[in-house]
Amino acid sequence: MSKARTSLPRSAAAHGVLLLYTAIALFPVIVIIINAFKSRQAIFRSPLSLPDADSFTLIGFETVLKQGDFLLYFQNSFIVTVASLACVLLFGAMAAFALAEYRFRGNPLMGLYLALGIMIPIRLGTVAILQLMVAGGLVNTLTALVLVYTAQGLPLAIFILSEFMKQVSDDLKNAGRIDGLSEYTIFFRLVLPLVRPAMATVAVFTMIPIWNDLWFPLILAPSEETKTITLGAQVFIGQFVTNWNAVLAALSLAILPVLVLYLIFSRQLIRGITAGAVK
Amino acid sequence: MAAAKKPVRWHIAVFLAPAVLIYTSVMILPLFGTLQLSLFGRGESGLIFVGFDNFRTLLFDPRWSASFWNALWNNTWFFIIHMAVQNPIGILLAALLSNPRLRLRGFYRTAIFVPTILSFVIVGFAWKLILSPLWGVAPSLLDMVGLRSLFEPWLGKEEYALTTLGLISVWQFIGIPMMLIYAALLSIPEELLEAAECDGITGMSQFWKIKLPLILPSIGIISVLTFVGNFNAFDLIYATQGAMAGPNFSTDILGTFLYRTFFGFQLQIGDPNMGATIASMMFLIILVGVCIYLFMIQTRLRRYQF
């Protein structure tokens, strides 16, 4: 690396542009969160200032927690996300292992078939998916959502995981085979622990769209008992549009869990994107 | 591979079965089911086969075709905004971030990616509040820089609403092109850049002459991802403007059109077959886009790769 590539004015300019964009990226989030803690008057009088002793209030959060079934919605989202994630990771890893490890007739074709779903959005099949769920008696159940999200997440998971599984050393697996381990033991005991970082990446990738999805909860499970947090927040905000404290508090409640999760896993997510893109 | 000598390798089937079963039954079959439904209509006694009549209705019947072409054009404009604003800014941010000497780049990367992880509901309402003339965050911000006169209720005016939503969507998803380009820039071998420097190619011209050609494959991937994402979009419009995609359908895109047709709205009852027809049109459009990418752009770009 030579010194010619960086100079003081140029790096100042770079920081300037990046800071400006960071401000643009974070501004709406910050405005929503600070105003959620302010009284109604303060929200309108000085929307850009931080809450102080006079204007601080939690009234919005109280309204939200009393009126909406936010805890139930949160629980539904949590169940759906965790269950889908578990299915995607387990089934995806198994299929990826079969594709990466064994040579059999139709292997490349199977890989291509499973990869189709990366480009074609599952949403286009909605009409028939709804019919399928009606026929199966699964409408307004969380199971319907789990099935759809599992199908949605599998293609990318298989694609990424099989790339990683190809890198696991053959000697290790063959040593296992000589010791008489079954193929299942080799997969669960030897290979899975070795691809754990890749699994974490896939998990973060799979999780965010599931947690944020509005379309399928709206269509497959709109009943009060099965609403997810995204759908619940949408309906709640629609109803309470004039209660600014409640709306801002609801938005903050919906932002915070994802934000915290993202800050914990951001390194993993970024590594995943970079690893996937270098290919 | 020792396993190759065994006669029937059941474990392969066991490993593949769950994924293939769920994927086929919940994704591939419904996709074909939807295509198939678009060929049927509602007769006096249940479903009847009507061939391509639904498509003819959608494209040529005056009541349907106006909505369809409106949605298709709006969708195209939505896509153009993303290609013209999101991707160049994403590339610029990535180029700045990829400087190995830049401090705080982890912070910038994380912060700029934050909007991408938020749900459409949050993004839509947050911007709706900020742009609302009632609350006045946007007007008072414009006031600070002396541009107060430029403020309009952008989301409420027919001529601005779609562009505004497009820019909100750009704000949300800029992290994706930024990350992909950033990764591509990091993977350029250091020797190549050093060689370029020896030849006196530095700074901006280094970016245009050396780096840009090398990241073209990534730009191709980003373009096709943007295309698929945009022509499949629904949530942001639904969350901010509702199923009617107001004002006066000026923000109607194929996704909201599909939703309205499929489920009905206000006085119109839902029509699964016409819904399936619209979904099939979206499928065709996305398929054509992906094929153009795979057969033309991807093969032409391959020669740049190492």
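Predicted model: local features only at pLDDT ≥ 70, side-chain atom pairs only at ≥ 80, totals over all residues.
Local features need pLDDT of at least 70 and side-chain atom pairs count only at pLDDT 80 or more, while totals for chains, interfaces and linings use all residues. Residues are numbered from 1 along each chain as its sequence is written, chains are lettered from A in the order in which they are written, and side-chain values use heavy atoms, leaving out hydrogens and water.

| Interface | Residues in contact | Buried area | Share on carbon and sulfur |
|---|---|---|---|
| Domain 1 and domain 2 of chain A | 11 residues of domain 1 with 9 residues of domain 2 | about 810 Å² | 74% |
| Chain B and chain A | 96 residues of chain B with 95 residues of chain A | about 8900 Å² | 79% |

Now for the charged pairs, where a salt bridge is a side-chain nitrogen of Lys or Arg within 4 Å of a carboxyl oxygen of Asp or Glu. The two domains of chain A have 0 salt bridges between them, whereas the interface of chain B and chain A has 1 salt bridge. There, B:Asp235 pairs with A:Arg123, and the closest N and O atoms are 2.9 Å apart.

Methods: Contact = heavy atoms within 4.5 Å. Buried area = accessible area lost by both parts, 1.4 Å probe.
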